[in-house]
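Reader: I am new to reading protein models. Can we go through this one in short steps?

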Amino acid sequence: MRFRSLATLALLCLLVSVLLTPACTTQSRERDDKSKLHVGIVFDIGGKDDRSFNAAAWQGVKRAEKDFPIVLRDVEPGNPTSIEPAMRAFAERGYNLVIGVGFAQSPIMERVAKDYPNVNFAIIDGVIDLPNVASLVFMEHQGSYLVGMIAARTSKTGVLGFIGGMDIPLIHRFAVGYTEGAKAVNPNIQVIQNYVGVTDAAWNNPGKGKELALAQISKGADIIFTAAGNSGLGAFDAVEQYGKQNGRAQRFVIGVDSNQNGVKPGFVLTSMVKRVDNVVYQLVQELVAGRFTGGFHVYGLKEDGVGYAMDQFNQELISPDTLKQVEEAKQKIINGEIQVTDAMKK
Amino acid sequence: MLELRDITKRFGEVLANDRINIKITEGTIHAIVGENGAGKSTIMRIAYGFYTADSGEILVDGQVRRIDTPHDAIAQGIGMVHQHFMLVENMTVAENIVLGSEPGSAAALDLKSASQKIRALSEEFKLAINPSAVIETLSVGQQQRVELLKALYRDARLLILDEPTAVLTPQEVEEFFTILRGMREQGKTVVIITHKLDEVLAISDEVTVMRDGRVVGRVKTKDTNAAELARMMVGRDVLLRVEKPDADAGATVLSLQDLRVMGMDGTPRVDGLTFDVRAGEVVGIAGVEGNGQTELIESLAGLTEPELVSGRVEFEGRDITTATAKERKQMGVAHIPEDRHRRGLLLDFDLAENSILGVQDREPIVSFAGVMLDNGAIERRARQIIKDFDVRPANPALPARSLSGGNQQKLIIGREFDLHPKLLLVAQPTRGVDIGAIEFIHRKLIALRDAGCAILLVSAELEEVTALADRLLVIHEGKIVGEVDPKVATTEEIGLMMTGGHR
Amino acid sequence: MKHLSELLFPLIAVIAAFIVGGIFVLIIGDDPILTYQLLIGSALSWPDGIGYTLFYATPLIFTGLAVAVAFRCGLLNIGTEGQLYVAAFAAAWISIKLGGTVVGGVNYSWASLPALALVPIACLVAILMGAFWAAIPGYLKARFGSHEVINTIMMNFIGIALVSYFTQYYYKTPGDPIMETAEIGVAAHIPRLGSFIPGIPTRLPLNVAFLLAILACVLVYIFLWKTKWGYEIRATGANPSAAEYGGIAVRKQIVLAMAVSGGLAGMVGINEVLGYRYRYYEGFSASYGFTGIAVALLGRNHPVGVFLAALLFGMLNRGGIFVDAFTDHVSKDLVEVLQAVVILFVACEAFFRGSFNRFSLLRRSKV
C-alpha cells in the first residue's frame, strides 16, 4: 500500500512539473521572424491534399512564401469545431492575414473577424461584409460558358451531361453558364443535369458520380461536365470505360477547379479552372505591397480568375477552329458584349 | 514419504502458512483438516508445486527436493486431484489422461497402449472406468475417478485430494472411500483435505489440524473424536449437533399445488410438486444436486420467467404464482440463495450497500421524497446486521468481495432475517462456510423457526437437512419421491431414495 | 488514499501516451519538448486557452457522463453520437418554432416566447429527445434481448440521416449552401460566460452549458450513489442476477439507464445549438459521442473522473490546433495519437491490474 501511494505521489509531481514548465515559454514562435509578415491559412475539412480546391490554395500560398518574405502557417482543422479556434489561433498571435478556404467557413470568419479588426482576413468563395475581410469570389459561370461552347462544338450526339456535387446555388452557377455556352453554339443541344446529393457528403461520393455519369451516357450524353469535387472523379472512370476508337476517346469529361486534364489523359476534354492559386498569390502580393483591401474581389475571365485549361493532354482533342471561336467569345465576355447569367444573382 | 519443514507462505500481507511442519507416512491416509482460510489448500499446493514457499523445505523420501512446478511434483511421484475437475468434456477418458503426457513420439499419439495401461490401472484399483468413454457421459463420481487415474497414470505414489467428497452423494462417498482404502493396500499414500469431520474419522489414519495458517494439532485418528477435532479447528468448544425443540407448527404459510417449472431447454425441472410449509416448521428437501432444487427455490422466490412456471403457489392463502420477486419480498418471503456470488451479493459493492439489497426502495432506507437513500439508515442497518450476525471484519465500508465465504453468508442471512420474513427460502445455507459459522447459522435458523417463520430448506449436505428439518421431503428428477421423519430415517435409507430407489 | 490509487492508472496511461507521442514527434522531425510546450501552453493560456479547453471539454463531459451512466448499468452506449445529433436538432427545431425565427420573409415559427420560457423548454426538449433516442435500443434490449451495441450503432445512422433530411428539406434557409438550419430565435440563446463574468472575453464561446456540465456531474453523482434509482442501476450493472434477486426490475433499469444516458448526451445540443452556433449545423460533432467512450473509460465511469478526463481531452483538442499551426511538421493528428495511446493503456489496465491483484485474488480464494 505504501509503495502505491508513493508511486502515485511521484507521478503526480511529474505531471505537475510537466504542466508548469511551458507556462512561461513561447519559444516555438522565436523561429518565426517577427519582422516578416505572417500569413495563416485554414483549410476546409478536405485538407490541403484534396487535389482540387484546397490544394490550389495551398500552391498559391506556397508560391507566395517563396517569392515574398513572409511566415506561412497552415491548419487542417479536420472537423468543423476546430475551424474557429484555428482562425483565432492565428489572430491571437497577431498574424497579418488569415485565409479561410471554402464557403462553409464564412459564418465563422465573420465572427472572428469582428473580434480582430486589426487582422486582415480573406475568404475564398464566400462573402463577408466587413472592412477587414476580402471576399474572393469567382465568376464560375463565365468559365463554364466557355467549356460549354467547347463541349457543344465537340459533341457528336448533341447531348451533354452536367454533374453537380451538392444541389446549391453556387453549383447552379456552373450549370447555367455551361448550358448557355452550349446553346450559343447549338440552340438545339440537350443538357442533362444531375446532382450527387444535398449534403456535404455529395462532394465525396465518386461511386454515385460514376452512376450518374453512366446514366447520362446511356441517354446519349457524350461529354460530361463535373462540378462535384471528389464525386466528379467517378465520371472520369465512367468515360474511360467507353474506351477509345482510332486513338480518340468516345466519351469525354470536363474537369473542374484545378487542371484535371492529366487525371485520365485523352478522356478529359478540358477543365474549367478556378485559379485559386493565382488569386491567393495575388492577395499575398497585395498584402506585402501594403495594398490589401477588404470587400468584394471578383475574379472572372478578365482577371484570369477562371478559364479553361489547354495543355499537352488535350490539344489534340479540340479543333483550332473551336479554340478560335471560344477565344472570340472570351473577348466578348470581357468586353461585356456577352452577358452570362449568374445563377446566384436572381 | 513426504515431509514439509517450516514452510512459510505469504500473500501480500496475509500469512497463509506460518512455519508449517507436516510429515506424511508412506502407505497411510492422512487427513488435513481446518476451517476455510486455515491454509490447508495452500500448503498442499506448495507440495504440488503450484505455489513456491517463501521459506522452508520439502523432503521426499528423506531427500530435500525443489518442487517449483507441478511437473517437478509429478516427477517426484506426487499427484493432485483438484476440487474442480480439469477434464475436457468432449474427449474420452484415455485422451484426457494422456493430455500433457502423450506417449510415443509427439507425432503419433499412441492411444492404444495408453488405453491398455489405463485399463490395467482401473482394474488394479477397482475404479471401473472404461478408457474409451467420453467424459461428459460420466457421472461426477466417475469423473473424479478419472482424475485419480490421471495421477496414477503418471506413476503418482502420493495423491493429494482437495475436498474430494464435496461433489459426491452419500453412496458415492462410501464407494470412493473403498477405493481409497484399496489404494492404501496397494502401497499408495493419500492426503485428503477436508473440513468434514465424520469423513476424517471414517477414512484417515492420521490427522493434521490447521488453524489460521498454523498447524495446531497432529493426532492418530483412532486416538481422537469429532468434538476434539472441532475444538482444535475452531479454537473453542463447538456444538456439533443441532439442539432444537420439536416444531410447533401453525397455519399453512406456503402451499404448492402441482407446481411445474420448465428449464430453458423445455424439459421439466420441477415436475408436479404438491406440499405445504407451515409457520414454525422447517421443511427440508433432500436430494442429489441438480434434481430441481435450484429451480424450485428460484421459482418460489419469483426469479423464474412466469411462462416457465405452471401450477399454483399460495402464500398465506393468496395466489402468488405470477408475483414478482419484489412483490413476494414485500409480502414477507425472504430468500437465502444457494449461490451467494451469483445471486446473493454485489461483490464489488461494500457491505453497507449489500445490506440494503432488496429493501433499497423502502423506508427507512429511502427517506427524502421517497427517492434519496439515507446513508445514516443504511449504515445503521449494516452495523446492526454485522453485530447481530457477527460479520467480520466489522467494517461496512469494505467490499463484499473481501470477506470470507462464511462472513459473506452471515451478511446475507442477516440481511434476510432483518426482513422479519413469514417464509424463508433457504438453499445451501452453509456451503463453503466454517464450522464455527455453521453452528451459528443453524442456531439462527432454528431461532427464526421458533419465532414462527416457515422455512423451506434445501441442502446438499444430508446431515444438515436431517439435523434441521422437522419434515424431510426427498426429491429426485423434480419429483418428490417420499417424505420421511428426519428423526427416524437413516442416511442409507434417504440416500437410496435420493438416487431414485424406493425404501 | 483510495481515491488516489484510483487516479494512478489513468495517470500512468496519460504519461505513457505523452512519451509515445513524443517519440512520434521526434521521428517526424520536430522537438518533442517544444511541441508539448506549445500543446499544453496554448491549452492553458489565459483566457483563450483555458476558455477553449473548457469549451471543448463541455460536450465531452456530457457524452462521458452518458457513457458512464450506461456502463454503470452494464450497458455500452455507442449511440451517444446519434443521440446528441437528434437532440441538437430538436433543440434547434423548438427554438425556431417558438423563437420567432423569420428568414428572408419566410416565417418558420409558431410563436415567439421570451427567453425565460424558451431556454428551459429548448434544454428540456434536447434532453428528452436524446433520452428518447437512447431508450429505443434500451427497450429493444430489455424486451427482446437484442444487443445494445448493435442497436445503438444503427440508431446513429438513422438519427443522423433523419436529421439531415429535415434540415435539408424543411429548416434550411433557401439558398444557403451550408447544411444548417435557419438561425434560432435570439430568445433561445444562452449567454456566454464572458457576458456576465468580468474578466472573461465575450469572444470565447464558453457558455452556460459548461456550468450545466458541472451541474450534470454533481447530479449524476447524486443520482448514481444517493438515490434508489442509482442504486438499482448500479446493482443491475454489477450483477444482474443479484439485482433480480433483490427485487429490482432489471429490464426497467436498462431502459432507465439508457434514457438517462441519452438525456445526458442530448445536453451536448444545448452547448452547440443554444450556446455556440445558434442553429443546427450538420457535422457539428467532432465525434463527441465516440470520444465520450474514451472519456468515460479514462474517467473510470465516475463523474469526477469523467470531468478530469474531459478537461484533458479538451486541452488536447485546443492544443492540437496550435501544434498543427505552429510546428513545422507535426499535424493535429498528434492529438489523436495521444488519445489513442491513452485509451490503449487504459484498456490494458485490466491486464495490468490483473497481475497487480493476483496476490490479493489468491488471498481470497479458498485455502
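Reader: How far apart do the C-alpha centres of domain 1 of chain A and domain 2 of chain A lie?
Author: This is a predicted model. Chain A is divided into domain 1, residues 32-138 + 275-305, and domain 2, residues 140-273 + 316-335. Their C-alpha centres are separated by 29 Å.

Reader: Which helix gives the largest share of the side of domain 1 of chain A that touches domain 2 of chain A?
Author: The contact uses 10 residues from domain 1 of chain A and 10 residues from domain 2 of chain A. On the domain 1 side, six are nonpolar, two polar and two charged. The largest share of that side is three residues, and they come from helix 2 (residues 53-67) of chain A.

Reader: How many residues of helix 6 of chain A are buried?
Author: Helix 6 of chain A covers residues 169-185. From its first C-alpha to its last it reaches 25 Å, close to the expected 24 Å. Its buried residues include A:Leu170, A:Phe174 and A:Tyr178. The helix is largely enclosed by the rest of the structure, because the buried count is 12 of the 17 residues.

Reader: What percentage of the residues of chain A count as buried?
Author: Take the contacts in chain A with a separation of 6 or more: 70% of them join residues 24 or more positions apart. Burial is counted over the 346 residues of chain A. The buried share is 52%.

Reader: Between which chains are the most contacts?
Author: Two pairs of chains touch. No contact joins chain A and chain B, and their closest C-alpha atoms lie 10 Å apart. Chain B does contact chain C. The most contacts, though, are between chains A and C.

Reader: Which elements of chain B give two or more residues to the side that touches chain C?
Author: In this contact, 35 residues of chain B meet 22 residues of chain C. The chain B side divides into 15 nonpolar, 12 polar and eight charged residues. The elements that give two or more residues to it are strand 2 (14-24), helix 1 (40-47), helix 10 (325-331) and helix 11 (340-344) of chain B.

Reader: Why is chain C as compact as a globular protein of that length?
Author: Chain C has 15 helices and two strands. Its C-alpha trace spans about 80 × 60 × 35 Å along the principal axes. For 367 residues the globule rule gives 21 Å. Chain C counts as that compact because its radius of gyration is close to this, at 22 Å.

Reader: What percentage of the residues of chain C are buried?
Author: Start with contacts in chain C between residues at least 6 apart in sequence: 75% join residues at least 24 apart. Burial is a separate count, over 367 residues. Buried residues make up 61%.

Reader: How many residues has the largest nonpolar core?
Author: Those with the most contacts inside this core are C:Ile61, C:Leu65, C:Ala88, C:Ala91 and C:Ala126. The core also draws at least three residues from each of domain 1 and domain 2 of chain A. Apart from it lies another core, of 152 residues, with B:Val333 and B:Ala382 among them. The largest core has 231 residues.

Reader: How far apart are the C-alpha centres of domain 2 of chain B and domain 3 of chain B?
Author: The assignment for chain B gives domain 1 (2-234), domain 2 (239-332 + 421-436 + 443-503) and domain 3 (341-420). Domains 2 and 3 of chain B each bring nine residues to their contact. On the domain 2 side, five are nonpolar, one is polar and three are charged. The two centres lie 25 Å apart.

Reader: Is B:Val283 buried or exposed?
Author: B:Val283 sits in strand 13 (residues 282-286) of chain B. Its C-alpha lies 5.3 Å from that of B:Ala469, 186 residues away along the chain. The cut-off for burial is 20 or more other C-beta atoms within 10 Å. B:Val283 has 23, so it is buried.

Methods: Residues numbered from 1 in each chain as written. Chains lettered and ligands numbered in written order. Predicted model: local features only at pLDDT ≥ 70, side-chain atom pairs only at ≥ 80, totals over all residues. Domains from an automatic or database assignment. Contact = placed C-beta atoms within 7 Å. Helix = DSSP H or I, 4+ residues; strand = E, 2+ residues; numbered from the N terminus. Nonpolar A, V, L, I, M, F, W, Y, C, P; charged D, E, K, R; others polar. Rg over C-alpha atoms; globule rule 2.2 N^0.38 Å. Core = buried A, V, L, I, M, F, W, Y, C linked by C-beta atoms within 7 Å. Expected span 1.5 Å × (residues − 1).
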